[in-house]
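Here is a briefing on a multi-chain model. Please keep the sequence and the structure open while you read.

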There are 4 protein chains.
Amino acid sequence: MPIEVSIIGGSGYTGGELIRVLLRHPEVKIKRVTSSQYAGMYLHMVHPNMRKVTELKFSSREEVEPCDVLFTCVPHGTAMKDMEGYMKLGKKVVDLSADFRLHDPKDYPTWYEHEHTRPDLLSKFVYGIPELHREQIKSTNYVAGAGCLATASILGLYPLAKAGIIEPDRIIIDAKVGSSAAGHEPSLSSHHPERSHVVRLYAGTGHRHTGEIEQELNFGIKPTVAFTAHAIEQVRGISATSHVFIKEELHKTLQEKDIWKTYRKEYENEPFMRLVKDKKGVFRYPEPKILLGTNYCDVGFEVDPHTRRLVVVSAIDNLMKGAAGAAVQCMNLMNGFPETTGLDAIGFHPI
Amino acid sequence: MPIEVSIIGGSGYTGGELIRVLLRHPEVKIKRVTSSQYAGMYLHMVHPNMRKVTELKFSSREEVEPCDVLFTCVPHGTAMKDMEGYMKLGKKVVDLSADFRLHDPKDYPTWYEHEHTRPDLLSKFVYGIPELHREQIKSTNYVAGAGCLATASILGLYPLAKAGIIEPDRIIIDAKVGSSAAGHEPSLSSHHPERSHVVRLYAGTGHRHTGEIEQELNFGIKPTVAFTAHAIEQVRGISATSHVFIKEELHKTLQEKDIWKTYRKEYENEPFMRLVKDKKGVFRYPEPKILLGTNYCDVGFEVDPHTRRLVVVSAIDNLMKGAAGAAVQCMNLMNGFPETTGLDAIGFHPI
Amino acid sequence: MPIEVSIIGGSGYTGGELIRVLLRHPEVKIKRVTSSQYAGMYLHMVHPNMRKVTELKFSSREEVEPCDVLFTCVPHGTAMKDMEGYMKLGKKVVDLSADFRLHDPKDYPTWYEHEHTRPDLLSKFVYGIPELHREQIKSTNYVAGAGCLATASILGLYPLAKAGIIEPDRIIIDAKVGSSAAGHEPSLSSHHPERSHVVRLYAGTGHRHTGEIEQELNFGIKPTVAFTAHAIEQVRGISATSHVFIKEELHKTLQEKDIWKTYRKEYENEPFMRLVKDKKGVFRYPEPKILLGTNYCDVGFEVDPHTRRLVVVSAIDNLMKGAAGAAVQCMNLMNGFPETTGLDAIGFHPI
Amino acid sequence: MPIEVSIIGGSGYTGGELIRVLLRHPEVKIKRVTSSQYAGMYLHMVHPNMRKVTELKFSSREEVEPCDVLFTCVPHGTAMKDMEGYMKLGKKVVDLSADFRLHDPKDYPTWYEHEHTRPDLLSKFVYGIPELHREQIKSTNYVAGAGCLATASILGLYPLAKAGIIEPDRIIIDAKVGSSAAGHEPSLSSHHPERSHVVRLYAGTGHRHTGEIEQELNFGIKPTVAFTAHAIEQVRGISATSHVFIKEELHKTLQEKDIWKTYRKEYENEPFMRLVKDKKGVFRYPEPKILLGTNYCDVGFEVDPHTRRLVVVSAIDNLMKGAAGAAVQCMNLMNGFPETTGLDAIGFHPI
């Protein structure tokens, strides 16, 4: 007997990706996919890849019945407003908005410029990166899906931060992300002739995901993260290059193999983490190109002999490991399914 | 008990795609993947998408044991030379070269500029488009995988040709194909700064696939096909626009709904054929972009009120329905598996 | 003393390109560039390439003074409404809308689905392709800039049609065009994640430029043109592949060198026409990639030994030879300047 | 009377761009363009954009006569070997290799892994960034063209470094560069299906241009630069994001307007420097997309309220301001021509 799931807000890119994955998930039946704008229409009118794949139509919010897992893909800010209702509908809820990612209500004004209206619910949510919080996710009913840029950044640096190798106040992250991350609403900045082939600084400073990264890399000392995001030509994919500095007292003695060991210790048994650092070949370091449709996070690094710097590169598909894939990974854990169920797609080459 | 398959020539793009599909095929175990150049190396050194997915290494040709199905992805011209040996290795053989596609040995000098060296074997092979030759494929041991541009073209026009609606000597096909179709060997014309963003006439006339198309659209009268191929920016994907003309005697009476009926009659129950012809939406006609990784062939058409012309558009992923996917579809039929086994991937949106 | 020109409607892509060319034209001074939406703002707020290049600001329509040449880049349909006023402002007018391209008022309902409201003005306008109508352009005050797809198509076929070599009712044109041709208004179909990497049939039949092509290729017998347009990945550039058929009576005797001669006869002395048909090299046929920013139209052809077909490929930059560049070429002729003035840019390689 | 110039090594991308600019330079006549591989062939066989533009053919090295200015576009390492001969041919020499960029011979083993064979010649060369060394360039006969990534990086940071605002040992540069920077030799890594749509870490550490950057940003204290380069989808263009830190003692008092002032002081009168930092619009920060074919270097910055960081973005066309354009700018200065002669191209929008 598959579990029954519904998706609130299924007409956007994250919702669409969730549908794509869940339709092939052997333990799941999709009951409802809501869209106020498209209610009554076939999914494939909005998600053309669904043609002949499913006969599902968009529902209105009111039609959603109680279900086993409810995925909420609603705009940031509205999830907190409606969460109490969602919690009544879904035995378990995976929220893909930003509204329940930060544990400390004081962080919302800092990063989101508004107060959190339901601080009482914050502690119910586990931050949705299984590689960091697997046991908690297994036993919670409420998961806050992590930000896509945060996911790539955190997974690249987590083993180093946890091991206390790097200076917590010298973390610089230079991230590059495709156009799908900005959502499905057309605007002049997303207009193809304007958007095509850019290397566009869109968040030099102040990106909201900075708060999540600092929260998750906090091992005793809260780190200061200097985060910058660029929009690039791609539709999908994130590549995050972190420039971090080895603590002065370790610099002389720490060797490349020690860094390796640090990563292996955390990620060796992780099904979706791959260490990519080859001496030969074309794809020697992580590259989002070959991650499309997968739930992998590839991580590689280089030691800079010229400074105390480590260059860490991490790559994901922003709609998969950065959103829908991670949400399903969490759902699997919350329901006792094998963690990789429905998520074993292999990337493409060439692409 | 899965069947055992091996792949001769697994370092190219078609071989790689075959591996990708077969690794997730529930009825199949890959025994060997050969490469003279890379024998002994892990697959992922050549196919970076295989990292952590499989521990398989490339084998030499000599290591290949007898198996249930042998896929041969070798250069055109060498398959005919070695086929007798391959037939001893594989109970069934699916050849992805061009060497056994044309039934008439006289067509090889015309389209390939050399004689066929094993005309005695030609009649053993069934042309590998299941939508046209399903029953024969079910009962044969030898399938010749169809050309990628031929597949898109044939599937777009087959119902019209079979129904005798169009003039057989006024078939113009203007095809567009991505860079992966030219294979994995670097050259100046594939060098990124030269190849990027082209709309390049690479086969204005004389394309080899023309012979296949004429063969398969021959319903009594052998058609004359004017075929042209352009290289476009994409890595994957084929879009073939056919400009065909309704027979004069039918022109006045034939209506759009009759064309619909003609297509529905042939494709209604086909699992991989989709008719795409919408009045609204962004993806109103077939588009390879959303077919990546799928085995679909999408077909749409438009009736030109200004002439007797029908514009038919068909789209595929050249490495899937145009090569590896179709090969697995044939393998499924040859082995009595449900036809869609291992081929139910949904396309991506956005991408 | 430079002449004074103004541009009505300068915030779009055609207007912007016109400004770019005219700012470097040694015989021209731009007086006004109008935009109702941006009046009062610096040009570079809309055209970021103008930063530090000019201090010009957008004007309102009312501020425009009488001038030597007025360029009108207004929406189709409104040019005819306002032309009488424009003719009072500009001693000469180059209209870049579609409103004065067709000579016969009856053609407007056919191709534009509305009547022409000022049929009395139609005969005043010369069709703006100098390679066909140079002498008339020299002596007129009113030019109707040709459509971009029409320009590429007409220039590819004009010598063949004029020489009476091809069958006038078997002209199939399969055109590919970049996203800039659809203008600067964002929409879902131009949204980067949706528009990126498409090969999209956007006008299978019924494209408005068909009327212009039939008008201009009319040498005694009005031809029937089967025209189809695809949107491709590029931002700029048009490639038009024409599939035309040699008249039966000529087919046996006509040789490739005769086709060459036919093209040379018309284009040998044309400064912006290049015949591109090489046996070697990467860029053997016309390709819009290397035409960006130039006023060239490159034309090449291939004789199909398999049919009576000629494959003709022509390529332009849709905003230059397809719009602003041709408009300036006409302006040069109308004012007695050397035809190439301000238009001698060399294309880029690589790009 | 134009001066006579020749180009040693004109078949590559830098040589081709130099030809493109010089053919339209009113004070210059190109005498020879050498290529050992293509001697005797028309330029347009290699540079397809030159078709019908020039009748020049490639020459052999031996045919080059003494000339006013010699541009040397030869592989790194061979320029130093042959420079003495070049100095006899050209009254003035602009070397576009890396061989004479670093003043200190000890820096060559560090960054180039070999000794400099002609350290005696090093002091004759001025580093070819006019914005830093205009007066020296005016009075020298020998200029070493700056590295493309170095140019973007240096011009972004020079005013800050000179003003002593930033910590010299906390300079992190994350650069992104298109495929043309890797030259015109095909390889597997430049093969379109492999290279297309990458965000590829190709020089995480150890990039040779680091040496130049440290040399040019040395104002008393030699800075330590942590430099990283990524290959991106584009063919042309560099975007360099520098993450630098305001000195602790200045952090509290230094305001954004002070940073503005610092940049304005250095660049206000520079014809090719533009400060790009808008509150509104799509192109608010420097973007290489709209710099194609121009000699501009656009620079913008953002103050990070969360850290002591300044994010500086600089963008150039790597083949223009990063190579050929800067070389011509230097030639102009060396010959007393107005600095912008032949370099006044406006960028494209859209593109």
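C:Asp317 counts as buried because it has 31 C-beta neighbours inside 10 Å. A residue is buried if 20 or more other C-beta atoms lie within 10 Å of its own, exposed if 12 or fewer, and partly exposed in between, with C-beta atoms placed from the backbone. This is a predicted model, in which local features need pLDDT of at least 70, side-chain atom pairs count only at pLDDT 80 or more, and totals for chains, interfaces and linings use all residues. Residues are numbered from 1 along each chain as its sequence is written, and chains are lettered from A and ligands numbered from 1 in the order in which they are written.

**Around C:Asp317**

- C:Asp317 sits in the loop between E13 and helix H11 (320-334) of chain C. Helices (H or I, at least four residues) and strands (E, at least two) are DSSP runs, numbered from the N terminus.
- Leaving out residues up to four places away in sequence, C:Asp317 touches C:Arg236, C:Gly237, C:Pro288, C:Leu291, C:Leu292, C:Gly293, C:Thr294 and C:Gly322. Contact here requires C-beta atoms, placed from the backbone, that lie within 7 Å.
- C:Glu302 is 15 residues from C:Asp317 in sequence. Their C-alpha atoms are 22 Å apart in space.

**The seven-stranded sheet of chain C**

- Seven strands of chain C form an open sheet with mixed pairing, in the order E8-E9-E7-E10-E13-E12-E11. Two strands pair if DSSP finds at least two bridges between them.
- Strand E8 (199-203) and strand E11 (273-275) of chain C are the edge strands, and each pairs on one side only.
- On average, neighbouring strands of this sheet are turned by 25 degrees against each other, direction ignored.
- Strand E12 (residues 297-303) and strand E13 (residues 309-316) of chain C run antiparallel and are joined by seven bridges. In this pair, C:Cys297 stands opposite C:Ile316.
- Helix H6 (residues 148-162) of chain C lies across strand E7 (171-177), strand E9 (225-232), strand E10 (238-245), E11, E12 and E13 of chain C. Helix H6 runs at about 35 degrees to E10(C). Axes are lines fitted to C-alpha atoms, for helices over the stretch in contact, and angles run from 0 to 180 degrees between N-to-C directions.

**The six-stranded sheet of chain A**

- Six strands of chain A form an open sheet with parallel pairing, in the order E2-E1-E3-E4-E6-E5.
- Strand E2 (28-33) and strand E5 (126-127) of chain A stand at the edges with a single partner strand each, so one side of each has no neighbour in the sheet.
- Helix H1 (residues 13-23) of chain A packs on the sheet and touches E1, E2 and E3 of chain A. Its direction makes about 150 degrees with that of E2(A).
- Strand E1 (residues 3-8) and strand E3 (residues 67-72) of chain A pair in the parallel sense over four bridges. A:Val5 has A:Val69 as its bridge partner in E3(A).
- Helix H2 (residues 78-89) of chain A lies across E1, E3 and strand E4 (90-95) of chain A, at about 150 degrees to E4(A).

**Strand E3 of chain D**

- Strand E3 (residues 67-72) of chain D is mostly covered, with five of its six residues buried.
- Four bridges join E3(D) to strand E1 (residues 3-8) of chain D, and the two run parallel. D:Ile8 has D:Thr72 as its bridge partner.
- Five bridges join E3(D) to strand E4 (residues 90-95) of chain D, again in parallel. Here D:Thr72 stands opposite D:Asp95.
- E3(D), helix H2 (residues 78-89) and E4(D) make a right-handed β-α-β unit. Right-handed means that, with the strands pointing away from the viewer, the path from the first strand over the helix to the second runs clockwise.

**Chains B and C**

- In this interface, 38 residues of chain B are in contact with 38 residues of chain C.
- The chain B side includes two or more residues from each of strand E7 (171-177), helix H7 (192-195), strand E8 (199-203), strand E9 (225-232), strand E10 (238-245) and strand E13 (309-316) of chain B.
- That side has 15 nonpolar, 13 polar and ten charged residues. Ala, Val, Leu, Ile, Met, Phe, Trp, Tyr, Cys and Pro count as nonpolar, Asp, Glu, Lys and Arg as charged, and the others, Gly among them, as polar.
- A rotation of 180 degrees with 0.0 Å of shift along its axis superposes chain B on chain C, with an RMSD of 0.0 Å. The two copies are thus related as by a two-fold rotation axis. Superposition is by least squares on the C-alpha atoms of residues with pLDDT of at least 70 in both.

**Chains D and B**

- Twelve residues from chain D and 13 residues from chain B make this contact.
- The chain D side has four nonpolar, seven polar and one charged residues.

Definitions and conventions. Two residues are in contact if their C-beta atoms, placed from the backbone, lie within 7 Å.
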